[in-house]
Amino acid sequence: MFIDSKEVIPNFDPHFKIFHDLMPFKVQEILLVSSLYDAFIMEEDGSLATRLINEYHGLNLSKPPKITRTSSAVEALELIEEKKFDMVITMPFLGGMDAFELGAAIKKIHPELPVILVAHNLRSTFPDKVDSHGVDKIFLWCCEADLLLAIIKNVEDHRNVDVDTERAMVRVIIYVEDSPLYRSLFLPLIYNEVVRQTQSVLDESLNERHRLLRMRARPRILIATTYEEAMDLYKAYKPYVFAVISDARFRREGQVDGGAGGKFLQHVRSEIHDLPLLMVSTEEKNHELANRIPAVFIDKNSPLIKDELHSFFLNHLGFGDFVFRLPDETPVGYASNLFEFEKQLQIIPEESLRYHTVRNHFSNWVMARAEVILARRLHKNYIIDLDDLKNIREDLVYKVHSLRKLRQQGVVVKFSGADYDPDIMDFVKIGNGSMGGKAKGIAFMWACLQAAYRENSVLSLHTVTIPKTCVITADGFDAFVAENSLGYCKHFPDEQVADLFLDAPLPAWLRKELRVFLKRTEKPLSVRSSSLLEDGQFKPYAGLYSTYFLANNDPDFDERLAQLESAIKLVYASTWFEGPIAFSKVAGHGREDSMAVIIQQLAGDQHGDFWYPGVSGVAQSHNYYPVMDMKAEEGIAHIALGVGKTVVEGGKSLWFSPARPKKLVQFSSVDNMLKYSQRQFYVLDVGPENCLERDSSNLILRNVQDAEKEQPVALLSSTYIPAEHRVRDVLLPGPKIMTFAQLLKYSSYPLSEILAELLKIGKMGMGGEVEMEFALQLDQELDRSVFYFLQIRPMVTGGELVDVQICDHEIRSGFCYVGQSLGHGSFDHVSDIVYVQPSSFDASKTAEMAWEIGEINRRLVAAEVPFLLIGPGRWGSADHWLGIPVQWSDISGVAGIVEVRNDSIKADASQGTHFFQNITSLGIPYLTLNEDSGNGGVQASERSKDFLDWQWLEAQHLEYKGKYIHHVRTADPFVLKCDGTRSESVLYDSAVACKKSCKIEGTKVWTPNSILVP
């Protein structure tokens, strides 16, 4: 089952879904009705709209509303008839109609539209009309935009409170004040305090988008002007009341009552004895009354009123530290964040645990941090047995820990040494710069995965995650180069660049952060590149930079740190190695590269002195060479035992279509199983003598047979029975064959389903074909194994943008035809061919051949001459027995490649390797020639067999003859035609080109104006 496209948008975070549902009503359109004079007074200190926008941005709030102004009451009514407004702000005198008359007229049109009167003095508030219908609230203008903001937010709060309390138990602050003057002074102070305090306690690890969303859970402020209104609000929202702020003197039963505030607060205290209460009054005598209630008291005339209000919020509303107390109020612990809160819950006395639980102190403190779901789960109504303190403690700790872990899922967290908790933080970054292409791809899929974890999905039924990841952003590289003045060595030989980088110290701030990170990281690590150009859309730079693996188990911590720092410097150094620079020139990247670094825990387990995953591999959403009844769109996966170097560097691996995991073409017979199965695998040496090996990435090769008693081989291999010439899927004495039968044949673990769904998500999210790397950490019970997503990059499938037609005459007159190829277009700009001379080929000498090709390439690149490369086996393979191990810098001027499969080397097609991915991303035609095939390859055109006319090739003008490699040049450029729709290609001499038209009407043949050279 695959998820719907709308479910995988990274911006949709299921952990924050509840916040999306809050505050459904937003004031977007305001009608301001004021005389020209009032408008002038309001604008005297600057544009009202501008100040409102600045106020919104200053508090990091969402989009500010638009203000429409009119000076006529009649025009105001016309506008309200024509256009939708969310609220009306009116001044007292409008010429022929006062504010209350206008309000009454508005209510006849839209009864629910809030009408707010803003006056310049008390005389203009029509005290005799205070009970008149038409005006909802009255304020005094104090020349401050924060009053307007407070009015807007209060209108929103009154409208949203019913929905928000029901959906998320959002808290309510009741504010009782009948004086427009003090209401205008206090309401902005209260909102400022609520917003800033809520912002201050939101966990710093969240990104800005999440912080803005969680601000929606701030307490709602509801205003009452009479005793009866206050009681109605209290009764309606009693379960959610967070605090009460009340004047002492206001109307009760229609008359001003100097004791109304005291009576109201005493009533609330009688029902909720620990609710924060605040009395504000101009009469000092009320201080004693407040003490008796008890409630906090603030004198309205105090010069320190702002500080006193701040103290009330900090100390009484849960915005400060949580103080764990015994029933007699003796402090026994403190917590300033959820991490410390969780630790204290584990150790506080049972009396303190019960004291706070039954009074909802835990729930209220957490709610102040906008942790809506956790606050609900900690509420005493959700605790079954308040007397079972042992289970209460375990339950509270579990809920807090689960929330802390859950909210980090899919989020890249800014690393902080003080708060770093590797148990819950899966993805952190050190620095403030770019994470680079590879890390962004991991972060993207990490976010997408959160939306994919849903009921009945294979991803929700099994653990599919990323390894613990720490990214050093690119500003670390920039600072390292700048502080050590390393810019001069950019074009030095690779070894010299590496030496200079190793001798230079990392920036002090980076070393400090790495020290803290490593002290809390005990498992083996991989240190990988993530350059700003790497894994970019259609330019992957796959495998061009360095990767190192660290055992991370030296008893001397300083040695562990030194090895990590050295690995980082070597990855930095690879930014300026010859290969990546040559690729950048060919790819057309003009800007300077920079390097971020990914430090990940290495997937797998320890087996003796070795660490490796049971399975690693590469999966692609598009299969370039589908065989038999496989389909290109079903994709393909390559898997191997051990670390993924086997697959990405072209070693022996097992390939299959995720849609058809039981169809293994490589294993069509017992002989093929013996011939093509994996014999060796890469592992990390974690023995006591391990150290950082600069040239080997710290990996070593082991024989599969030597690991037959280790769990991965025992679980995933089959046994060859020589006497029967059979392979049995049981653990018996005899040679082991890596068939991965438990995964593919018996489906003991749904590897193929997981790959299919992840490829679908990646393809949907990236808008094109994708390739991903992964690893599987095996459990003895295979169904409990852990799947690790390691990397994703876009693929280029050929871009069939133009019509290309290959006719039979071109094939008959050609010197090469291939029925299994990648690429699309017609190329007629190449005259040079570099090929491996078949008669001198020796599989044990392929490294020498790679060197020879590299020398020819450098000469041709310098002359800006593109060439066709022809040779046996897998190009770029790390296994020199399977092909010629060229690096990118050895073939950077290539315009097309022919991979010859014949009796000298029989290796499967290269797809899945880093080398292959880089070639295809540049649009370089890649042809797989099956010289010994019966019909030109597994999906060749039926009209011809694959062929290459070696005699024609050797008859061309010889430019260079080496020990193994020949370089020839044709008299005229030859033509290379690739039909990506049929995966077939032909090469023919332009001098004998087809005389008849081979074009279908309307067909266009594309001839590039530029060539693929630096």
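User: Which residues does Tyr234 touch, not counting residues up to four places away in sequence?

Analyst: Tyr234 touches Ile174, Val241, Phe264, His267, Val268, Glu271 and Ile272 on that count, where contact means heavy atoms within 4.5 Å. The model is predicted: local features need pLDDT of at least 70, side-chain atom pairs count only at pLDDT 80 or more, and totals for chains, interfaces and linings use all residues. Residues are numbered from 1 along each chain as its sequence is written, and side-chain values use heavy atoms, with hydrogens and water left out.

User: What makes Tyr234 count as buried or exposed?

Analyst: Its relative accessibility is 1%. Buried means under 20% relative accessible area, exposed over 50%, and partly exposed in between (1.4 Å probe, protein chains only). Tyr234 therefore counts as buried. Tyr234 lies in helix α9, helices (H or I, at least four residues) and strands (E, at least two) being DSSP runs numbered from the N terminus.

User: Why are α9 and α10 called roughly parallel?

Analyst: The axes of α9 (residues 227–237) and α10 (residues 260–271) come within 10 Å and cross at roughly 15 degrees. Axes are lines fitted to C-alpha atoms, for helices over the stretch in contact, and angles run from 0 to 180 degrees between N-to-C directions. Angles under 35 degrees count as roughly parallel, over 145 as roughly antiparallel, 65 to 115 as roughly perpendicular and the rest as oblique. The two helices are therefore roughly parallel to each other. Their crossing is right-handed; that word is used if the near helix is turned clockwise from the far one by less than a right angle, and left-handed if anticlockwise.

User: Which residues of α9 and α10 meet, and how do they divide by class?

Analyst: Tyr227, Ala230, Met231 and Tyr234 in α9 meet Ala260, Lys263, Phe264, His267, Val268 and Glu271 in α10. They divide into seven nonpolar, one polar and two charged. Ala, Val, Leu, Ile, Met, Phe, Trp, Tyr, Cys and Pro count as nonpolar, Asp, Glu, Lys and Arg as charged, and the others, Gly among them, as polar.

User: How do you know on which side of α21 its buried residues lie?

Analyst: In α21 (residues 494–503) the buried residues are Val497, Ala498 and Phe501. They cover an arc of only 100 degrees around the axis, which puts them on the same side of α21; the arc is that of the directions from the helix axis to the C-beta atoms. An α-helix has 3.6 residues a turn, so residues three or four places apart point the same way. The cover over these buried residues includes α20 (474–483) and α23 (557–574).

User: What makes the packing of α21 and α23 oblique?

Analyst: The angle is about 140 degrees, with the axes 9 Å apart. The crossing is right-handed. Val497, Ala498, Phe501 and Leu502 in α21 meet Ser566, Lys569, Leu570, Tyr572 and Ala573 in α23. By class these are seven nonpolar, one polar and one charged.

User: What classes of residue make the contact of α18 with α29?

Analyst: α18 (residues 436–452) and α29 (residues 751–766) pack at about 115 degrees, with axes 11 Å apart. Phe444, Met445, Cys448, Leu449 and Ala452 of α18 meet Leu758, Ile761, Gly762, Gly765 and Met766 of α29. The contact has eight nonpolar, two polar and no charged residues.
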